[in-house]
Amino acid sequence: MSQAAKNTGKNTGGKSEEAKPASRKAATKAASTKKASKTKPARQNTTKDVKTMVWLRAAGHCELCGKDLTLELVSLKNLFEGEVAHIFPAAPGGPRGHAGYTEADAKHLTNDLANLMLLCPNCHKSIDKTPDGVYPADDLTDRHQGFLERIHLAAMTPHNDFGVGIIVLGNHFSTASSIEPTEVQRAMFAEGVRPHTKPHILVLPEIPDGVRDARYYHQVRLMLTRTIERELSAARSEAGDAALLAIAGLADIPSLMIAGSVMGDRRRRLIFSLDRDTRLRWPDPAAVRPVYQYTPPPEGDGPVALVLNISASIPHDDVLAAVPGGRVATFAAEAPSTQHVKNAGFIAAFREQLQIRLSELEASTAHPIHLFAAIPVAYAVEFGALLSMNHQHGYRIYDRMGAGKEKPFVFQLDLDHDENPNLKEVS
Ligand SMILES: [Zn+2]
């Protein structure tokens, strides 16, 4: 790659010193190339003003992966790490330069904003170094236009949604690896929601002897009901009933299901998923919604057990040990992982696809459905919300419990619509 080409690729937000030297060098290089042979056609330069405009229009983010190109995420230092990329190339024979693409075309398009994208170095490399046809010009043009429309829409939409943030922490998580209120606050802002006050941390009761019993869950439901009700009523004076509820959590799965059922299915909500690497930021906002695989239970008279294999795969034997003679149905991610949730669309996909299966299962048995779940926190909350309204059926929730490496599944609680969230005090 010539020096000129390198410089065209390395834009520094309009503050660069490269424009003049680059064009001088390019001219020299082009002249010498001409003399030596007639192999490489001259590469056209994008002007500094046009580059600046490319940065501004993309609001400093990579147009393909969405990365912020002005901020280093760990040190939080400012940087300018974007590259101005060509959809149709700056020289004939470049990436996506079709037959008949002339130097005149290149010269014209190298300063055409519709032909220029702001990309991170990785994405730039991907589109230019992969074989022809992997990133066709039409696709890039569509994505370029779509990206600019999104920026425009985001800028034009006032930040007027309003919400209450709650962090549900299991007692044993509360000290070790907590979720900071500021993290929830930032995640809410990122979704266009203004927090009413600093998000509230709710620490669940201690578990005596490591055994969660009916009393524990009763207490959990009571605490959640009171906290959610109190926080929402504090926000009500400002937003009426329109306040949204944002939940993040780190706790046992049955308690998080209770959180969902207390929240209810009618309330507008944001449920955040804690990712090991990106914390409460979505790891991949553009990831395509998953399709879950479902295996219905075998015919028979045994009790129906539903296994949700999303963050891990639960062995059938472990289920059958808890529900002897059970008929096991599975609802599973293609590759179960603790980092399964990539964006909010995943939660919606889980809900939409699971709801259909629950209805089928409920129609097939009059008895409660035994539920075994290896699922992310966000799915547990969403599951509880889903059951709170749309399902009349009883669900018996199991969880791994006790000492040792391979903890067996133990029945935890009945989750069904009969459970009134407004429970009386524990006596
Ligand atoms: Zn990128």
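Q: What is the mean pLDDT of the protein?
A: The mean pLDDT is 85, and 85% of the residues reach 70 or more. pLDDT is the predictor's confidence in each residue, from 0 to 100.

Q: Where does pLDDT stay under 50?
A: It stays under 50 over residues 1-37, for which the model has 42 contacts beyond four places in sequence. Residues 417-427 also stay under 50, with 16 contacts beyond four places in sequence. Two residues are in contact if their C-beta atoms, placed from the backbone, lie within 7 Å. Where pLDDT is low, the predicted coordinates should not be read in detail.

Q: How many helices and strands are there?
A: The protein has 12 helices and 13 strands. Helices (H or I, at least four residues) and strands (E, at least two) are DSSP runs, numbered from the N terminus.

Q: What share of the residues is buried?
A: Buried residues make up 36% of the 427 residues. A residue is buried if 20 or more other C-beta atoms lie within 10 Å of its own, exposed if 12 or fewer, and partly exposed in between, with C-beta atoms placed from the backbone.

Q: Sheets next. In what order do the six strands of the open sheet come?
A: The order is β8-β10-β9-β11-β12-β13, with mixed pairing. Two strands pair if DSSP finds at least two bridges between them. β8 and β13 (409-415) stand at the edges with a single partner strand each, so one side of each has no neighbour in the sheet.

Q: How many bridges join β9 to β11?
A: Five bridges join β9 (residues 304-309) to β11 (residues 369-374), and these strands run parallel. V307 stands opposite F372 in β11.

Q: And which way do β1 and β2 run, parallel or antiparallel?
A: Strand β1 (residues 83-86) and β2 run antiparallel and are joined by four bridges. The bridge partner of E83 in β2 is L119.

Q: Are the faces of β2 covered or open, and which residues are on them?
A: Both faces of β2 (residues 116-119) are covered, with L116 and L118 buried on one side and M117 and L119 buried on the other. In a regular strand the side chains alternate between the two faces of the sheet.

Q: What does M117 touch?
A: Not counting residues up to four places away in sequence, M117 touches E63, A85, I87, L140 and H144. M117 has 27 other C-beta atoms within 10 Å and is therefore buried.

Q: Which residues have the most contacts inside the largest nonpolar core?
A: They are V168, A246, I247, L306 and A380, in a core of 75 residues. Helix α12 (residues 377-390) gives the most to this core, with nine residues. A second, separate core of 24 residues includes A58, L69, V84 and A106. A nonpolar core is a set of buried Ala, Val, Leu, Ile, Met, Phe, Trp, Tyr and Cys residues joined through C-beta atoms within 7 Å.

Q: Which residues of α7 are buried?
A: V184, A187 and M188 are buried in helix α7 (residues 181-190). Seen down the axis of α7, its buried residues fall within an arc of 100° (taken from the directions from the helix axis to the C-beta atoms), so they line one face. On the other side, T182 and F189 are exposed.

Q: What do the buried residues of α7 pack against?
A: They pack against β3 (161-169), β4 (193-195), β6 (244-250) and β7. After α7 comes G192, whose phi is positive, near 80°.

Q: One last topic: what is the phi of A59, and what is that of R279?
A: A59 has a positive phi of about 50° although it is not a glycine, and R279 has a positive phi of about 55°, also without being a glycine. Most residues other than glycine have a negative phi.

Q: Where are they found?
A: A59 is in the loop between α3 (48-57) and β1, and R279 lies in the loop between β7 (269-271) and β8 (293-295). A59 is partly exposed, with 18 other C-beta atoms within 10 Å. R279 is partly exposed, with 16.

Terms used
Residues are numbered from 1 along each chain as its sequence is written.
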